[in-house]
Structure formats: structure tokens, C-alpha cells
Amino acid sequence: MSDDFDDLKAAMTAATPEPDAAKKAANLVLAEENFARLQESMIERRPMFERGLMARLGHGVKTMLNVMTTRVGLTLTTGLVAVGLVLVLPVGKGLLRPPVELVAPGTAVVSVDKDGAVVEERDAGSTLGNESIADALEDPAPVVQRQAEAQLADDLAAPEAMVAEESFAAPSPAQSLGRSRGESELLMVPDAKRLVVPSDVIVAPESDTEAFANAEESSLKVTLEEPVSTFSIDVDTASYSVVRSSLTRGMLPPREAVRVEEMMNYFPYDYPESTGPDPFEPTITVMPSPWNAGTNLVHIGIQGDLPLVEDRPPLNLVFLIDTSGSMQDANKLPLLQQSFRLMLAELRPEDEVSIVTYAGSAGQVLEPTPAAERTKIIDALSRLSAGGSTAGQAGLQQAYQAAEGMAEDGEITRVILATDGDFNVGISDPELLKDFVAEKRESGTYLSVLGFGRGNLDDATMQALAQNGNGTAAYIDTLAEARKVLVDQLSGALFPIANDVKIQVEFNPAEIAEYRLVGYETRALRREDFNNDRVDAGEIGAGHTVTAIYEVTPVGSDSVRSGPLRYGGAEVVGERGELGFFKMRYKMPGEDVSQLIEEAILRDQGRVSADAEFSVAIAGFGQLLRGSDYLGAWSWGDAIDLATRARGEDVFGYRAEAVTLMRLAESLSK
């Protein structure tokens with residue numbers, strides 16, 4: 001057997017020709033030519049039964065999963081699927097293709113290859129691929145999608161085609177996000193120059209559409225010409241939280257976002273409580289102005305009584321929650337859900353909660369439920385998700401309907417709207433919303449507004465709703481702020497002790513040459529509104545404090561800004577030593593006729609407390625942020641020194657935080 005094998009091996013060796021080096025070299029050249037020719041033929045896409053891009057991708061994934069079942073195979077397959085998804089998603093397409101802009105017909109369009117050579121020059125009215133430019137202008141998205149699908153196989157076969165020339169560089173994410181309305185949206189179409197899309201065809205998402213309710217800074221008044229000042233009180237705090245949000249993000253807040261009265265009223269003060277029949281009484285202090293020598297401040301502090309919590313009536317709450325697409329950020333709907341969980345712990349078992357949401361259309365996701373069923377309420381909150389447009393009008397209508405069904409005699413019913421304020425379906429104009437809410441408040445159901453998030457915060461709408469819904473407006477940027485508003489100050493936020501609170505001060509021209517009200521620009525009233533009980537004004541809740549400050553210039557002071565009039569011969573009359581006369585009107589909840597409080601303002605009235613000084617420091621802080629013309633040389637450092645000196649006990653750390661914010665503002669202002 002062994003001999004036969006050896007004989008066979010010898011015969012095969014003898015039959016094998018000797019190596020031919022020349023023929024081997026020729027065969028290698030032929031193989032390279034065939035390979036190059038076959039590569040060129042791959043420009044045509046392979047026919048496949050699945051016509052769509054997603055179907056083809058799915059078929060490939062299925063095949064890989066059937067063949068590659070080892071751990072290594074599965075790892076490689078997963079990686080390829082991830083790459084495929086990047087290619088399919090719009091972001092992936094943007095990474096692979098140069099940007100294109102569409103132009104109107106009649107414009108010359110030049111196409112170039114990857115080396116920059118001109119391969120085609122045509123009119124914009126001619127075809128682009130299999131679609132016309134006119135069709136693309138009417139509805140460009142389908143055209144781009146079909147071209148992207150057609151190009152995908154070619155890109156995979158020729159990776160070098162994916163690398164755009166420097167002149168074709170796609171915009172960075174920051175550039176794309178920073179595009180404003182009216183600028184062109186970039187579409188990714190291969191092998192074409194950049195084409196401009198008209199702004200009415202495709203609109204890039206706006207990165208900042210915030211709108212704030214404010215007015216020009218209160219001007220200086222000449223007492224002889226305009227001795228009476230009238231305004232509605234304000235206990236809202238939203239502006240301070242917005243200012244904090246901006247500063248902690250490393251930027252100064254927009255000037256229009258700064259409402260000085262809301263910054264002052266953010267802090268709790270220990271003003272004296274009422275000793276008479278009224279639910280509060282004013283504390284008036286006259287003190288030197290820290291920012292202008294030769295002027296004084298008339299500081300007015302009001303402390304609302306805080307009834308015993310055990311005596312409060314049952315509470316009916318309708319949580320009206322914005323679940324539109326703009327609420328998906330972590331500091332919006334997720335923070336909102338956490339905030340309401342904190343609030344639930346403060347409710348009594350007999351209180352009731354209902355939840356209404358709105359996004360595209362409104363709906364009640366939780367029927368009136370006793371607060372004792374906390375798990376059921378939390379489950380309903382947890383199931384909420386963001387998506388759709390903002391049907392604010394429909395949401396408000398359904399919320400008020402739910403509130404009316406819950407209300408009973410002797411109970412307090414309130415709608416709490418939680419939103420970023422981006423109303424874009426139904427009523428969206430603040431004035432129309434104001435009228436709608438004003439009609440509903442007559443039923444006894446009040447509306448409070450909680451703002452969340454930045455970027456598209458519609459503060460103007462929130463203010464219009466809260467002011468006309470007999471409620472308060474707050475902005476929640478952190479869970480700590482949620483605790484302050486919905487836990488520590490829950491009684492003040494939900495239980496009113498006085499409605500339509502107005503203040504009027506008449507200054508004595510014999511003592512005061514000029515004056516100005518610090519803040520309250522959006523709360524100004526006409527002189528005749530003070531005695532008109534039909535005119536709406538602000539509310540004070542249980543335990544609320546209100547602060548107002550006038551800067552006054554005594555007659556004869558070197559700080560008088562207005563010069564004498566040639567024909568101003570009016571005789572100056574008034575009591576000496578009396579700077580002015582203070583009046584305040586309010587209504588008890590449920591009543592239609594107002595009560596009046598009044599007293600004279602004297603030269604050396606009151607005792608300057610740490611609370612008064614700290615509120616003055618915050619008033620100065622707000623004016624600095626607004627770029628006030630009335631502070632002279634008073635600086636950030638002066639505000640910091642005054643606030644630090646008057647910080648006091650500061651149980652919750654709010655005042656220490658304010659000093660930190662002042663330091664941040666000082667640094668950012670440089």
C-alpha cells in the first residue's frame with residue numbers, strides 16, 4: 001500500500017509544470033483590472049424585494065442575526081445596527097452630507113463633484129434628480145428623503161464620497177440651534193451647491209422665545225404737578241426666581257425680566273401683625289436713601305395674618321398640567337411632577353385633587369380624588385408624558401369645569417396651572433386670556449400659575465392669568481423653590497385673607513418736591529381706580545408680606561432734579577412735618593364692598609429695622625439689574641455690603657443666597 005502511494009505522489013510531481021514567473025505577473029495584472037471594472041459596476045444598486053430604506057435595513061439586520069450567533073458576532077451586529085440608525089436618523093444624514101439650500105426658479109444652480117469640478121450647470125427651474133425645484137419649494141421634505149434613500153447605498157459603497165469639502169461643511173449643533181425665525185433651514189442633498197429655503201417654507205426651531213411682562217421704569221414725579229400715586233399690591237415672586245435662574249447659568253437676566261417689587265416680596269419679613277379688626281396693618285418707616293444723598297425712602301411693610309391651620313376649610317385643587325412637547329425638558333414636566341409630590345404631603349385627607357392635562361386636546365386624567373388616596377394621585381402624575389401642541393384655552397375650560405363640579409359651600413377651590421407658558425392653540429393672546437379668566441374668577445374659583453423651564457417661558461401670559469385669576473404667579477427652577485412655594489408658603493398661596501388690595505399715597509408739596517415709586521410698573525392704577533370697587537387689584541394670602549418703597553426728595557434739597565417753572569405759581573399748602581397721607585383699600589373674601597385704612601406719614605416715622613434695610617438692598621439690586629438711571633454712583637459692592645449687614649437670622653438661607661447672586665451679577669456685569 002505504501003509503495004502504491006509513493007508511486008502516485010511521484011507521478012503527480014512529474015506532471016506538475018515548473019513555475020512561470022512571467023505568466024504569474026500577467027495574471028495579477030488581469031485580476032487587478034477585473035477588480036477595478038467590477039467596482040465601477042457597483043454604482044447600480046442591487047435589486048431587492050424590500051423597496052423602503054427601513055425595510056432594507058431590517059432585512060440586513062435579520063440576515064446578520066441569523067448568520068452571526070456567536071458572542072463576537074452579536075457584538076459586531078449591534079455595532080452595525082447602531083451605525084445604520086445614525087445613517088437613517090436626520091442627525092446622521094446631516095453628518096454625512098453637505099448642506100443644501102433651495103433657491104427660487106430662475107437662479108443658476110451649479111453641481112460639482114467631490115473634487116470640486118463642475119459637472120452640471122442648470123436653471124433652478126430644471127429638475128434636481130427626479131424632482132423639480134418647484135416641487136421641492138412646495139414640499140421639500142419628501143424630495144430630500146427619497147434622494148437620501150437613493151444615495152445611502154452609494155455612500156456605503158464609496159465612503160470617500162461622504163467626506164465633504166471644507167466649503168460644504170455642515171453647521172455645528174450650536175449654529176443650527178441658534179438659527180432664528182426667518183433664516184434658512186439646511187437640507188442635506190448630495191452633490192449640489194447650497195440652496196436657500198424661503199423662511200415661509202421651513203422654519204428652524206427658535207432657541208429663545210421668552211416674553212416677559214414689564215414696563216419702563218417708574219419716572220420721577222413732581223409733587224406740585226402729580227401729588228397722588230396709586231397702585232395694586234403684588235405678592236408674586238416669579239421675577240426673583242427667573243433672575244436667579246439666569247445668574248446661576250452664568251448670564252445677566254434680560255432687563256425686562258426684572259420686576260423689582262417681586263424681588264423684594266420674595267423674602268419673608270417679620271413686620272408687625274395687625275392689632276385691630278383688619279387682617280393686616282401697614283408699618284411705615286422713613287429712612288435715608290442709601291443711593292442718593294439728600295433723598296429719603298418711605299418704606300411700607302404689610303404683614304398678613306396667619307390663621308391657625310387647623311381652622312382652614314377643605315381645599316379643592318385642580319392641577320392643570322401642560323404636557324405639550326415643549327415640556328419634555330428635565331426642568332419642566334419632570335420637575336413639575338416632583339414638585340406636586342411635595343405638595344401632596346401638606347394636604348389633609350378631606351382635601352380633593354383632580355388632574356387635567358392639555359397637549360393638542362385637553363383631558364381629565366384623574367377624577368376628583370381625596371388627598372388620602374395619595375398613591376393613586378402620584379400614579380396619575382407619574383404616567384404623564386410630554387408631546388403635542390399647547391391647547392391652553394381647552395385646558396383652562398376643562399379645568400374650570402372640573403373645579404365647578406368639586407366646589408361646595410364653605411370650601412376653597414383653586415386651579416393651579418403648571419406650564420412654561422407656551423400657549424399656541426386656541427386663545428393665546430394675553431388680553432383675551434385675561435378676559436376669559438376674569439369671567440371665571442367671579443364663580444369663586446381662583447387661578448394660580450407656576451412657571452417651569454427657560455427658553456420659551458411666556459411670563460407675560462402667566463402674569464396675565466394670575467393677576468386676573470385672583471391668584472399668584474411663581475417660577476420654579478429647583479426642587480428647593482418648589483418646597484418654598486408649595487410647602488413652606490402653601491397657606492399664603494392658597495388661602496386669601498383679602499382681595500383687591502390697593503394703595504394710594506398723596507404727597508405733601510410743602511414737604512416733598514419729588515417722588516418716585518420703586519417697582520410696581522405693571523401694577524399702576526389710575527387715581528380714580530382707588531375708590532372704584534369694580535376695579536380688580538392684588539390679593540394677600542395668609543401670612544403673606546408686601547413691601548413697597550418710595551424715594552422722596554424733600555423741598556430745598558440739593559438733590560431736586562426738576563428745575564422751577566417760569567409760570568408755576570401754584571401756592572404750596574400742606575401740613576408741616578407731614579410728608580404725605582397713606583390709604584389702603586381691601587375687600588374681605590366673598591365681599592363686594594371695600595374697607596379703608598388710612599394714616600399720615602410723618603418725617604421721622606418708624607424704626608429702621610434689619611428687615612427694612614434688607615428689602616432696600618434687594619430693591620437696589622433689582623434697579624442695578626435694570627440699569628436704573630436713579631441710583632447715581634451706587635454700586636454692586638454697596639448692595640452687597642447693605643444686604644450682608646442687614647441679613648439677620650436668615651433661617652432658610654434665602655438672604656445668603658441673595659448675596660451670592662449679587663456677587664455673581666457683579667462679576668458678570670464686568
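Author: R441 counts as buried, because its relative accessibility is 14% and the cut-off for buried is under 20%. Keep in mind that this is a predicted model. The side chain of R441 meets that of E442 in a salt bridge, 3.4 Å from N to O. E442 counts as exposed, at 61% relative accessibility.

Now take D529 and R526, whose side chains also meet in a salt bridge, at 3.1 Å from N to O.

R244 sits in helix α9 (residues 238-248) and E481 in helix α16 (residues 479-488), so the pair ties together parts that are 237 residues apart in sequence. R244 counts as buried at 6% relative accessibility, and E481 is buried too, with a relative accessible area of 2%. These two also belong to a network of salt bridges that links R244, D477, E481 and E657. Over the whole structure, a search finds 23 salt bridges.

L668 is partly exposed, with a relative accessible area of 31%. Together with L252 and L664, L668 forms a nonpolar patch on the surface, with about 200 Å² of accessible area in total.

The structure holds four cavities of 30 Å³ or more. The largest has about 80 Å³ of space, and its lining includes D234, D236, R523 and E539. By class, that lining splits into four nonpolar, four polar and four charged residues. Helix α15 (459-468) and strand β19 (538-541) each supply at least two of the lining residues.

The second largest cavity has a volume of about 60 Å³. Of the 13 residues that line this cavity, R414, T472, G492, E539 and G541 lie nearest its centre. Its lining has five nonpolar, six polar and two charged residues. β19 turns up here as well, with β19 and α17 (490-494) each giving at least two residues to the lining. T472 and E539 are in the linings of both cavities.

How values were computed
Residues numbered from 1 in each chain as written. Predicted model: local features only at pLDDT ≥ 70, side-chain atom pairs only at ≥ 80, totals over all residues. Heavy atoms only, no water. Patch = residues over 30% accessible without salt bridge, like charges linked within 9 Å, V, L, I, M, F, W, Y side chains within 5 Å. Areas by Shrake-Rupley, 256 points an atom, 1.4 Å probe, with all protein chains shown as cover. Salt bridge = Lys/Arg side-chain N within 4 Å of Asp/Glu carboxyl O. Buried < 20%, exposed > 50% of the residue type's maximum accessible area, 1.4 Å probe, protein only. Helix = DSSP H or I, 4+ residues; strand = E, 2+ residues; numbered from the N terminus. 1 Å grid on protein atoms, 1.4 Å probe; cavity = no way out; pocket = protein on both sides within 12 Å on 5 of 7 lines; lining within 4 Å. Points joined across faces, edges and corners; volume = space filled by probe spheres on them. Nonpolar A, V, L, I, M, F, W, Y, C, P; charged D, E, K, R; others polar.
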